Amino acid sequence: PLVTWQKAPTWTPPGSDAATRGTLYFGNADTATYEGGNAGVAGTLSTGTFKVPDIGKTHLRAHVWFHTEDHAEYDRLKVVIDCKGPVCPGGAEVVMFDNKAEGAKQQTWTPLDVDLTPWATSVLEVRVSFDTQDGVNNKYTGFFVDGLRVVTICQPDPLCDGSCDDS
């Protein structure tokens, strides 16, 4: 099997119910690593484009789990918002998660909850990409992304104080 993004294997990190939730894994399911021989490996997942509604609050949610070498320049996972317009706060491409950022924890499920409301009316694409940038020291487990979804939470009617009666 190739080292690539794929449906999670039957073995998964503790705390995952990957068999029922569609968890994705970057690595080789047979070797439980992302070792690609002498070459580096890379892969990208994409949501495809979608329009952020201008009602309620819209969030990107997921959980990520990773086990990589500790070197700051290699084995990098990023979750990026690619804005196609018309409203692009922070520019056309914004990194929302980087496994090498301060505070990112290895071998634990980390929730990702990004408020997409500032991009209301914009067309976005969310990309999850991994790149080893080299073919060395890649005998680690790799990455799992679980429950990646975009949700919109409708706001209550501001004219109703909770005691509204339709009668």
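**A buried threonine and the cores**

Guide: Thr132 has a relative accessible area of 0%, so it counts as buried (under 20%; exposed is over 50%, partly exposed in between, with a 1.4 Å probe and protein chains only). Keep in mind that this is a predicted model, where local features need pLDDT of at least 70, side-chain atom pairs count only at pLDDT 80 or more, and totals for chains, interfaces and linings use all residues. Residues are numbered from 1 along each chain as its sequence is written, and side-chain values use heavy atoms, leaving out hydrogens and water.

Visitor: Which residues is Thr132 in contact with, beyond its neighbours within four places in sequence?
Guide: Contact means heavy atoms within 4.5 Å. For Thr132 that gives Tyr34, Gly40, Val41, Tyr74, Asp75 and Asn138. A polar atom of the Thr132 side chain lies 2.9 Å from the backbone nitrogen of Val41.

Visitor: How do I read aromatic pairs?
Guide: Rings of Phe, Tyr and Trp (its six-membered ring) pair if their centres lie within 6.5 Å; planes under 30 degrees apart are stacked, over 60 edge-to-face, the rest tilted. The whole structure has eight such pairs. Tyr34 and Phe130 make an edge-to-face one, 5.2 Å centre to centre with 80° between the planes. Both Tyr34 and Phe130 are buried.

Visitor: And the nonpolar core?
Guide: Nonpolar side chains tend to be buried together in soluble globular proteins. A core is a set of buried Ala, Val, Leu, Ile, Met, Phe, Trp, Tyr and Cys residues joined through side-chain atoms within 4.5 Å. The largest here has 28 residues, with Trp5, Phe26, Leu116, Trp119 and Leu124 touching the most other members. Apart from it lies another core of five residues, including Ala8 and Tyr25.

Technical notes: Polar contact = N/O pair within 3.5 Å; in protein donor to acceptor, adjacent residues only side chain to side chain.
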